[in-house]
Amino acid sequence: MKLSIGDRIRDCRKNINLTQEELAEKLCVSFQTVSRWENGNSYPDIEILPQLSQLFDVTMDYLFGNEGKQRETRANEEFDKALEYLDTESPDKKKAYELIHNLRVDFPDHNRLTHLFIYVFSNKLWKDPDILYELRLIAENLLGNPKTPKWVKDEVVWYMSSYETDELITPFIDRYTTENMDLRRSHLLLHRYRARDEHEKAEFVKQCILYETIDEICTGGWWRQCGKPNDVNLSKWGNDIGFALLNSVCRNGNDPKYPVSGDGNVDVFFSIRIIMGFRKACYHATLGEKETAYIVLEDTVSLLEKGFSLENGTELTADVPYLDVFKLKIEYFEEVNHGTCAMQCVCQGEENGIYIGAYTHLSLCRRILAEPKGWEWFNPIRDEERYKKYIERIDELIKKLQTLPPAK
């Protein structure tokens, strides 16, 4: 509700701890006059207004409720003046800093501050340390204000991720990165490296994003949202799409002997192929395609044996040009609850905090085949000797790896 002049006089009087009688005495009027002002029954004479303004330390515009319009007019004038100057061919950095600083201090909640923020970045004035400091304060204000629209906050995070100093970029990204695709750490860093023409770093991050995207498509179970629960045909369809993607990326998969590994060799998608292989085998088993299920199981367990025969520290790669700098390093560890060997394939960017871990647990692989709960689709072949041989092979692998392989 908009305050009347009487309401404002009352609030100002109380702010300086005066009674109506005391205010009346200072203005040489009766306290009844002050009471009528505050109740809205009359207005102060024009010659008294300057005295009220001085006594209350406010403008006459404030008393009349016009300060919002005046402030908006002044703000637009100041923003127009600043943007006009910043648009000149070679603006003086010191004067530019003062204009940005004054606008930030005088109009911290004005919606044109976002426009100013983006404009300063676009014309590369951010390279001045003092100006970047002001932009950092504007960003903190916008990101901390619950009234700031989400799209504005996203833009602010993108710009600051691109141009913040190397010393401060990690804590900034740690604070504002989210699971939202555009605001993931890897995506923010890719935008940063591209904006700063750091092409080698950008290529590494781009390939990390490609690997994560393939992993999400292949193992994320997105297809479960497309139909009824426990629909084996739907699950098989989703898994087949994952293998089609892997085969297309790796340019293999045409040999029917290797429906999981693609060519019988261990590559950077080792962990992804193992879990997808077990899924593929159980889908074929429950659909009555027994021989196909055994071909898939053979390739999956053989791939598992080959992977766990590699030395600790071995780097897995993919023989494709768009993953030529992406590698996963094998690190063996002992599963605490099972006492069995497990493998994590790790890609870590030391400079940027990117971490990708792909895990393969021998205990889980054994449970998939040996325990019916959760993998009931293997039931049509579970009691067959051929099937039990694969469990025995995994048991042999577990026994063989009771002592962790030494590091390279």
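The dialogue below asks how terms are applied to one predicted model.

Modeller: Residues are numbered from 1 along each chain as its sequence is written. The model is predicted, so local features need pLDDT of at least 70 and side-chain atom pairs pLDDT 80 or more, while totals for chains, interfaces and linings use all residues; side-chain values use heavy atoms, without hydrogens and water.

Biologist: How many helices and strands does the protein chain have?

Modeller: There are 18 helices and four strands. Helices (H or I, at least four residues) and strands (E, at least two) are DSSP runs, numbered from the N terminus.

Biologist: Why is Tyr-283 called buried?

Modeller: Buried means under 20% relative accessible area, exposed over 50%, and partly exposed in between (1.4 Å probe, protein chains only). Tyr-283 has 5% relative accessibility, so it counts as buried. This residue lies in helix H15. Across the protein chain, buried residues make up 44% of the 408 residues.

Biologist: Is Asn-17 buried or exposed?

Modeller: Asn-17 has a relative accessible area of 66%, so it is exposed. Its place is in the loop between helix H1 (5-15) and helix H2 (20-27). Asn-17 also has a positive phi of about 60° although it is not a glycine.

Biologist: What makes Arg-251 count as exposed?

Modeller: Its relative accessibility is 57%, so Arg-251 counts as exposed. Arg-251 lies in the loop between helix H14 (232-250) and H15, and its phi is near 55°, a positive value in a residue other than glycine.

Biologist: How do you know which strands pair with E3?

Modeller: Two strands pair if DSSP finds at least two bridges between them. Six bridges join strand E2 (residues 328-334) to E3, and seven join E3 to strand E4 (residues 355-361). Both pairings run antiparallel. Tyr-332 has Met-343 as its bridge partner in E3, and Cys-345 has Ala-358 as its partner in E4. Seven of the eight residues of strand E3 (residues 341-348) are buried.

Biologist: Why are E1 and E4 said to stand at the edges?

Modeller: The open sheet has the order E1-E2-E3-E4. Strand E1 (315-316) and E4 each have a single partner strand, so one side of each is left without a neighbour in the sheet.

Biologist: What makes a set of residues a nonpolar core?

Modeller: The set must consist of buried Ala, Val, Leu, Ile, Met, Phe, Trp, Tyr and Cys residues joined through side-chain atoms within 4.5 Å. The largest such core has 102 residues, and those with the most contacts inside it include Phe-269, Phe-308 and Phe-378. Helix H15 (residues 270-286) gives the largest share of this core, nine residues. A second, separate core of 15 residues includes Ile-5, Leu-18, Val-34 and Leu-52.

Biologist: Which residues is Phe-308 in contact with, leaving aside its neighbours within four places in sequence?

Modeller: Contact means heavy atoms within 4.5 Å. Among the residues that Phe-308 touches on that basis are Phe-270, Tyr-332, Met-343, Thr-360 and Leu-401.
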